Amino acid sequence: MKKISSFILAFIISVTCIFSAGVSYADNRPHVEDALNNLQTQAGYIPKGNSSVQYNCFGFISDVCARLYGVTYYYEQQVGNYRFNHTSNYFTVSQATFPDSSYAKSLKEWLCANAAVGDVLQIGCANDNDSKKHTVLIQHIDDKKIMLYHSNYATSGIPSSACRVDTVYWKSFISNPTSNTSSSLNLLLGSNFKRYGGVGMSLNRYSFLEQYYQLDSLTKYTSDITKTERDSSTSVKIYYKQIADATAYSVEYRASDSNKWINASSSITALSYSVKNLTTGGTYCFRVRAFANGKWQDYSTEVAKTVQPPKPSKVSATADNNAITLTWAQRKDISGVTIYRSTSKNGNYEQLTNVPQENGATFTDTNITNNQKYYYKIQRYINVKSATYQSEVSPSTSAQYELGAVTNLKVKNDTKSTLKVSWSPAQNAQSYTIGYAKVNTNNYKYIVTNSTSYTLKGLNLGSTYTVAVCANNNIGSTVAAVASPVKVKLKTPTLKASKKGKSTKLSWSKVSGASGYKIYRATSKNGKYKLIKTVKGNKTFKYTDKKVYKGTRYYYSVKAYATKNKKQYYSNNSAKKSVKI
């Protein structure tokens with residue numbers, strides 16, 4: 001017995017080596033489906049003819065595997081209804097169970113994602129207490145159907161000793177999986193097949209299948225449409241998955257209310273294609289297939305798309321010249337665009353206006369508020385006879401027109417009836433408004449200027465004023481900047497002091513509107529200052545202090561005064577100056 005086993009193993013290894021020698025010529029590998037079709041012309045394997053193995057579905061599939069792969073399937077051990085405990089390295093297994101409520105659709109999706117032609121499929125009750133099982137081999141699989149090669153379960157007109165190919169159409173199977181028609185897996189297991197606990201399946205693939213045959217599976221050769229986009233108002237561009245061995249792709253389309261497929265092209269080498277000359281507003285179905293390994297593969301799942309103007313992708317917004325200007329890519333195959341606006345990105349967008357195509361691809365929004373951020377979206381439309389068709393809405397774009405606030409506001413004493421006001425330039429300001437009033441009153445007066453400084457005149461000496469300034473443009477104004485209250489005083493004089501012999505020479509700047517000047521002296525910087533001289537009038541701006549002593553340092557300050565209605569008003573004291581005698 002050991003010698004026989006060794007001989008069989010040696011034979012298998014030799015066959016494996018023979019097949020391996022041809023692997024480098026990948027294009028010469030036959031398809032499993034073609035090999036099955038050839039096998040089914042031989043006695044014992046012809047559908048509806050007597051089976052090469054009688055009354056044993058497992059034995060028949062084992063015999064088919066020996067013919068296809070040179071390896072019998074008898075070595076594999078069944079466990080329960082649908083599971084296998086493989087005792088050799090010749091087959092790999094994947095398995096799944098499907099509950100009662102949705103097993104049909106899930107079963108189809110699992111097979112389409114995992115199965116290939118030539119796989120051994122074991123079907124059975126998920127519950128081993130309901131003994132019902134069957135062994136088949138996958139003859140063909142695509143998105144519409146699965147074809148199963150098997151024997152020994154009688155159907156009308158075919159004896160139990162015959163082998164056969166049964167076709168299960170996914171659509172009818174999913175809609176009524178428990179029927180006993182030729183489109184039901186239930187028929188393959190017998191009318192008394194019980195599904196308590198669900199359906200169980202295992203896929204068993206010959207380990208070296210791809211070394212000898214080209215693998216025909218949906219996941220390998222069926223391309224998927226990955227994206228569709230509206231290319232124009234009369235075309236749709238489709239994108240699809242690349243197939244590694246494909247040399248060309250074919251794209252077909254049909255109107256959604258028609259069963260007639262139209263070939264767009266069968267010589268496509270790119271991974272996208274634009275189907276043109278479609279009817280605006282019409283809905284079409286598209287599918288694609290690959291030409292790989294010498295033949296056209298199965299078509300992809302259909303994808304539907306309504307023909308409408310393409311979605312705008314590049315919309316820009318720019319704030320300038322007291323407005324926000326929108327621009328977008330212009331197209332001549334549309335009637336125009338509709339513009340929507342919101343004050344928040346995810347807020348409620350209201351229709352702003354329509355811009356006909358002949359007006360160009362730009363719009364200027366002047367109905368805006370300073371420093372408010374606006375969000376815009378646009379939507380293309382085309383008028384066809386009495387109907388209007390619109391694209392999807394573009395992504396949002398935003399802009400904000402900024403009017404800068406007044407900063408660095410300063411108010412300084414100038415004369416006995418004026419205040420000098422100044423500030424820094426504000427961004428996008430065209431003018432400035434100055435408002436001023438006496439403190440604790442609302443009797444404001446207003447002045448508009450284009451400058452960043454202004455002298456307020458006709459003010460009351462000794463009164464305190466509030467001053468505010470705001471920036472303006474054609475859109476509006478900013479919130480005013482308000483200065484601290486300032487009392488109207490004489491301008492502070494600037495003092496100079498120097499030693500002249502045994503005396504101190506003082507001089508100061510003229511203060512407009514002054515009635516005279518008062519000079520103060522102290523012997524320490526922060527000591528008590530005494531009035532040493534009043535210079536009346538506004539014509540003399542110097543004084544010599546002779547009442548000084550050698551070796552003493554003196555500190556001086558001066559302030560201007562004005563007399564109004566027999567009352568004197570003073571400027572601030574000048575900066576202190578010192579001289580040592």
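Modeller: Before we dig in, two strands pair if DSSP finds at least two bridges between them. Strands are DSSP runs of E, at least two residues long, numbered from the N terminus. Here, strand S4 (residues 120-125) runs antiparallel to S5, with 5 bridges joining them. Leu121 stands opposite Val136 in S5.

Colleague: What should I know about the model and the numbering?

Modeller: This is a predicted model, where local features need pLDDT of at least 70, side-chain atom pairs count only at pLDDT 80 or more, and totals for chains, interfaces and linings use all residues. Residues are numbered from 1 along each chain as its sequence is written, and side-chain values use heavy atoms, leaving out hydrogens and water.

Colleague: What is the mean pLDDT of the protein?

Modeller: pLDDT is the predictor's confidence in each residue, from 0 to 100. The mean for this protein is 87, and 91% of its residues reach 70 or more. Over residues 1-27, though, the pLDDT is below 50.

Colleague: Back to strand S5: how many of its residues are buried?

Modeller: Buried means under 20% relative accessible area, with a 1.4 Å probe and protein chains only. In S5 (residues 133-141), that holds for 8 of its 9 residues.

Colleague: Which strand does a hairpin join to S5?

Modeller: That's S6, through 3 residues. S5 and S6 (residues 145-151) pair antiparallel over 4 bridges, and Leu137 stands opposite Tyr149 in S6.

Colleague: What is the strand order in the open sheet of 3 strands?

Modeller: S33-S34-S37, with antiparallel pairing. S33 (495-500) and S37 (542-545) are the edge strands, each pairing on one side only.

Note on methods. Contact means heavy atoms within 4.5 Å. Buried means under 20% relative accessible area, exposed over 50%, partly exposed in between (1.4 Å probe, protein chains only).
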